[in-house]
Structures are given as C-alpha cells and as structure tokens.
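The sequence and the structure are shown first.

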Amino acid sequence: MIFKNKFLASLLFGAFMPAALPAQTSVSVWDGVFTPGQVARGRTVYAEICTECHERALTGGGETRPLAGDRFLTGWYGETVGTLFDRVRVTMPLTKPGTLNRQQVADVVAFVLYFNNFPAGKTELSTRLEVLNQIRITNEPRR
Ligand code: HEC
C-alpha cells in the first residue's frame with residue numbers, strides 16, 4: 001500500500017518535484033523553485049516596471065506596499081506562489097494591470113522571492129497556475 005501510494009505520487013508529481021526530494025508531498029519556496037537566470041530576467045522586469053512605485057529595495061512607500069521584508073512576508077505566509085502570481089498578473093502594475101505576459105509575471109515573482117532570501121534552484125518557476133498552486137510560502141523550511 002505504501003509502495004502504491006508513493007508510486008502514484010511519483011507519477012503525479014514527478015514532473016515538477018525536485019528529484020532529490022522524492023518522498024515529499026508538497027513543495028515550498030525553500031525548495032529552490034526558480035533559477036538564477038530567471039531572477040536576472042525578473043530583475044529587469046522589476047527595474048523597468050515596478051521600481052517606479054515599489055522602489056529599488058522593494059520597500060514600497062506611502063500607499064505602495066513593500067515586496068520584501070517582514071511586513072510583506074507575514075501577509076503571504078500560508079499562501080501559495082500561485083496566489084502571489086495571480087495577484088501580480090491581475091492587479092499589477094497598478095496603473096496598467098494585465099500588461100505583463102505570464103512569463104514576465106513568473107520572472108518578476110522569482111525575483112521577488114529571491115530578494116526575500118529564498119534559495120534559487122535548478123528548475124524555473126512555472127507560468128502554470130496548477131503548478132504554482134502547489135508551492136507554499138512558508139516561514140521555515142520543512143523539517
Ligand atoms: C503605479 C504604481 C505601481 C506599480 C508600477 C506597481 N505596483 Fe504593485 N502595488 C502598488 C500599490 C499602491 C499596491 C498596494 C495597493 C494594492 O494592493 O492595490 C501594490 C501592491 C502590490 C502587491 C501586493 C503586496 C501585498 O503584500 O499585498 C504586489 C505583490 C505587487 N504590488 C507587485 C508588483 C509588481 C511585481 C510590479 C511590477 C510588475 C508592481 N507591483 C508594479 C503600486 C504599484
């Protein structure tokens with residue numbers, strides 16, 4: 001039975017689970033869910049589009065919320081990267097929402113996660129919501 005469940009889990013999740021973590025049933029932002037190259041692209045998107053309001057150090061200011069640090073993270077713990085992805089995709093940039101394509105959104109979200117000290121890995125952050133919805137934003141790595 002255990003074998004069967006593990007086998008099914010590997011069929012279902014094998015496509016996007018890091019190979020080194022075969023027995024896990026969930027993924028978090030601590031598992032290396034974006035690549036350094038993607039962060040570099042996201043940094044460019046951020047500089048061109050988001051800096052204007054959220055500032056270079058992601059501190060925000062005035063009405064604009066920060067995208068890094070305790071205040072930002074506390075609001076997002078327990079949510080999934082899918083929710084963060086859609087928040088950006090649907091509502092940002094505030095004055096021109098919906099103007100980023102899915103790849104730009106994934107890249108800029110990767111940059112935001114990186115800036116918040118989550119580790120890079122070998123697989124790019126997906127543009128697909130069903131994959132992103134599996135990745136939880138947690139305040140510590142799973143023990
Ligand atoms: C014209 C100004 C402006 C620009 C440009 C802009 N934002 Fe925002 N953003 C805001 C404001 C103001 C808020 C808070 C109000 C709101 O939630 O709508 C916000 C909120 C957010 C939030 C939610 C933060 C939280 O913790 O709830 C995220 C995530 C975000 N922005 C990401 C981005 C990204 C990524 C970009 C660039 C692609 C971007 N924003 C561009 C003004 C802006």
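The model is predicted. The ligand contains an iron atom, which is coordinated by H54 through NE2 and by M92 through SD, at 2.0 to 2.2 Å. The site of this iron atom has six donor atoms, with angles of 86 to 179 degrees among them, and is octahedral. For six octahedral donors, the ideal angles at a metal are 90 or 180 degrees.

H54 and M92 are 38 residues apart and link distant parts of the chain. H54 belongs to helix α2 (residues 36-54), while M92 lies in the loop between α4 (81-91) and α5 (102-115). H54 counts as buried because its relative accessibility is 11%, and buried means under 20%.

The ligand sits in the largest pocket. There are 19 residues around the ligand, of which C50, C53, H54, R87 and M92 come nearest. The helices α2, α3 (70-76) and α4 each supply at least two residues of the shell around the ligand. Helix α2 gives the most to this shell, with four residues.

| Residue | Distance from a polar side-chain atom to an oxygen atom of the ligand |
|---|---|
| W76 | 2.9 Å |
| R87 | 2.5 Å |

Conventions:
Residues are numbered from 1 along each chain as its sequence is written. This is a predicted model: local features need pLDDT of at least 70, side-chain atom pairs count only at pLDDT 80 or more; totals for chains, interfaces and linings use all residues. Side-chain values use heavy atoms; hydrogens and water are left out. Donors are N, O and S atoms within 2.8 Å of the metal (3.2 Å for Na, K and Ca); water is not among the atoms, so sites may look incomplete. Four donors count as tetrahedral if all angles lie between 85 and 135 degrees; four count as square planar and six as octahedral if opposite donors are over 155 degrees apart and all others between 65 and 115; anything else is irregular. Buried means under 20% relative accessible area, exposed over 50%, partly exposed in between (1.4 Å probe, protein chains only). A residue is near a molecule or strand if one of its heavy atoms lies within 4 Å of it. A polar contact is a pair of N or O atoms within 3.5 Å; within protein, one must be able to donate a hydrogen and the other to accept it, and residues adjacent in sequence count only if both atoms are side-chain atoms. On a 1 Å grid over the protein atoms alone, a cavity is a set of points where a 1.4 Å probe fits but cannot get out, and a pocket is an open set with protein on both sides within 12 Å along at least five of seven lines; lining residues have an atom within 4 Å of a point. A molecule sits in a cavity or pocket if more than half of its atoms lie within 2 Å of its grid points.
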